[in-house]
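This report goes through one protein structure, part by part. Please look over the sequence and the model before reading on.

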Amino acid sequence: MHAALITGTETVELVEFPDPTPAPAGVVVDIAYCGICGTDIHAYQSGRPYNPAICGHEWSGTLSAIGAEVNSLSEGDRVVVAAAPACGQCTACRRGQADRCQVSFLSAVGRDELAPPHGGFAPRLAVASSRVVRTDSGLTDLQAAQVEPITVAFHAVRTSALRLGDIAVIQGGGPIGLATMQWVRAAGAGKVVVVEPNAQRRELACALGAHHSVAPGEETDTLIAELTHGLGADIVYECVGRPFAVQSAVDLARRGGAMCLIGLAEGDAPISPGAWLVKEIAVTSSLAYLHEEFEMAMGMIADGRIQVEPLHTSTTGLDGFEAALADLASGTSEQVKVLVDPNR
Ligand SMILES: [Zn+2]
Ligand SMILES: [Zn+2]
């Protein structure tokens, strides 16, 4: 069996692995689709040593083998990737901080005991049984492959300072920005603005329910001033993931407003502490998700409140994976979410 791994700067290799077998507490997933994430693109560009279990972490599939100690799942169950539930044993759990469980966190970043030597850009994958959740019966495998990034945005909005009626700005109209925009609407924002340089993505943002979508710069400043009587947005979600975007998110917020950091910038970001103090800005930041949030997010995709099909712009086989990464890394790609079908 071959799995695609990012092994260096702009380098992808198809590496041969033995057919996986489940650990006693593990399962084997036959991968249906695996999405390409911004993290994969960063890895491809930077070439920095990369945890192979994380390359390809947005997958859906079907269980084809079950470990001897697993009794809550069966062969043939359709599943999506998830973070493990809180363990109840680690120091954080014992301190009453189960939502900060160290075992759950390590699983979300692919550093748990049963972390595989490759990710979902492969026909089969062995993982801990705690790392899968049954797919909502209302979702296709194609929809289910986007549950992971949708749940990233769900967790961010759920833990942010959004209030009913707020004027909310989403910086960045990529897969995470467009998912965040939909959750912000579902959570009751009054007006939702997406700031995005790519015209096609701006169009998609409005088709998915944004009230406005604008190019960054002067046009954005004018629109937000108009909408807020010159005060600034109540809350700004940073989904660009580039260093400059941290300060620009705060610049768009009003005094007493909030910023939610979701995009992960490589390296440090320059900020103006004076502007943060003057605004008394409230900051939340968000990484990954909790086990229980996968079912919640899937339910709201299944009932139509969150749309994933329009985000999916193409599907490729493992042979087209590197070309897809290069295109997404180019900065001028017309793709939003590219899914890999490893059986193609
Ligand atoms: Zn991701
Ligand atoms: Zn724990």
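Which residues does Leu 287 touch, not counting residues up to four places away in sequence? The residues are Phe 105 and His 155. The model discussed here is a predicted one.

Leu 287 sits in the loop between β13 (282-285) and α11. Its relative accessibility is 53%, so Leu 287 counts as exposed, the cut-off for that class being over 50%.

Gly 263 is 24 residues away from Leu 287 in sequence. In space, the C-alpha atoms of Leu 287 and Gly 263 are 9.0 Å apart.

The protein is divided into two domains. Domain 1 is made of the segments 2-81, 112-149 and 289-340, while domain 2 covers 160-285. The contact between them takes 16 residues from domain 1 and 15 residues from domain 2. Between the C-alpha centres of domain 1 and domain 2 the distance is 28 Å.

About 1400 Å² is buried between domain 1 and domain 2. Of this area, 63% is on carbon and sulfur atoms. There are also four residue pairs in polar contact between domain 1 and domain 2. On the side of domain 1 that touches domain 2, α1 (38-46) and α11 (293-302) each supply at least two residues. By class, that side of domain 1 has seven nonpolar, five polar and four charged residues.

One salt bridge is found across the interface of domain 1 and domain 2. Elsewhere in the list of pairs, the side chains of Glu 266 and Arg 48 meet in a salt bridge, with 2.6 Å from N to O.

## Salt bridges in the whole structure

How many salt bridges does a search of the whole structure find? The search finds nine. One of them joins Arg 124 and Asp 19, whose closest N and O atoms are 2.9 Å apart. This pair links distant parts of the chain, 105 residues apart. Arg 124 belongs to strand β6 (residues 124-128), and Asp 19 to the loop between β2 (11-16) and β3 (26-35). Both ends are partly exposed: Arg 124 has 24% relative accessibility, and Asp 19 has 48%.

Arg 254 and Asp 234 form a salt bridge through their side chains, at 2.6 Å from N to O. Arg 254 is in strand β12 (residues 253-261) and Asp 234 is in strand β11 (residues 233-238), so the pair ties together parts 20 residues apart in sequence. Is Asp 234 buried or exposed? Asp 234 counts as buried because its relative accessibility is 18%, and buried means under 20%. Arg 254, at 25%, counts as partly exposed. In a further salt bridge, the side chains of Arg 305 and Asp 303 meet at 2.5 Å, N to O. Asp 303 counts as partly exposed, at 43% relative accessibility.

## Two buried residues, Gly 67 and Glu 58

Gly 67 is placed in the loop between β4 (58-66) and β5 (78-81). With 6% relative accessibility, Gly 67 counts as buried. Gly 67 and Gly 26 are 41 residues apart along the chain, yet their C-alpha atoms are separated by 5.1 Å. Leaving out residues up to four places away in sequence, Gly 67 touches Pro 22, Ala 23, Pro 24 and Gly 26.

Glu 58 is part of strand β4. Its relative accessibility is 2%, so Glu 58 counts as buried. What does the side chain of Glu 58 make a polar contact with? The partner is the side chain of Lys 337, at 2.8 Å. Beyond four places away in sequence, Glu 58 touches a set of residues that includes Tyr 33, Cys 34, Val 81, Ala 145, Glu 148 and Lys 337.

## Gln 335

Gln 335 is found in the loop between α12 (321-329) and β15 (337-340). Its side chain makes a polar contact with the side chain of Ser 314, at 3.0 Å. Not counting residues up to four places away in sequence, Gln 335 touches Arg 201, Thr 313, Ser 314, Asp 327 and Leu 328.

Technical notes: Residues numbered from 1 in each chain as written. Chains lettered and ligands numbered in written order. Predicted model: local features only at pLDDT ≥ 70, side-chain atom pairs only at ≥ 80, totals over all residues. Heavy atoms only, no water. Domains from an automatic or database assignment. Contact = heavy atoms within 4.5 Å. Buried area = accessible area lost by both parts, 1.4 Å probe. Salt bridge = Lys/Arg side-chain N within 4 Å of Asp/Glu carboxyl O. Polar contact = N/O pair within 3.5 Å; in protein donor to acceptor, adjacent residues only side chain to side chain. Helix = DSSP H or I, 4+ residues; strand = E, 2+ residues; numbered from the N terminus. Nonpolar A, V, L, I, M, F, W, Y, C, P; charged D, E, K, R; others polar. Buried < 20%, exposed > 50% of the residue type's maximum accessible area, 1.4 Å probe, protein only.
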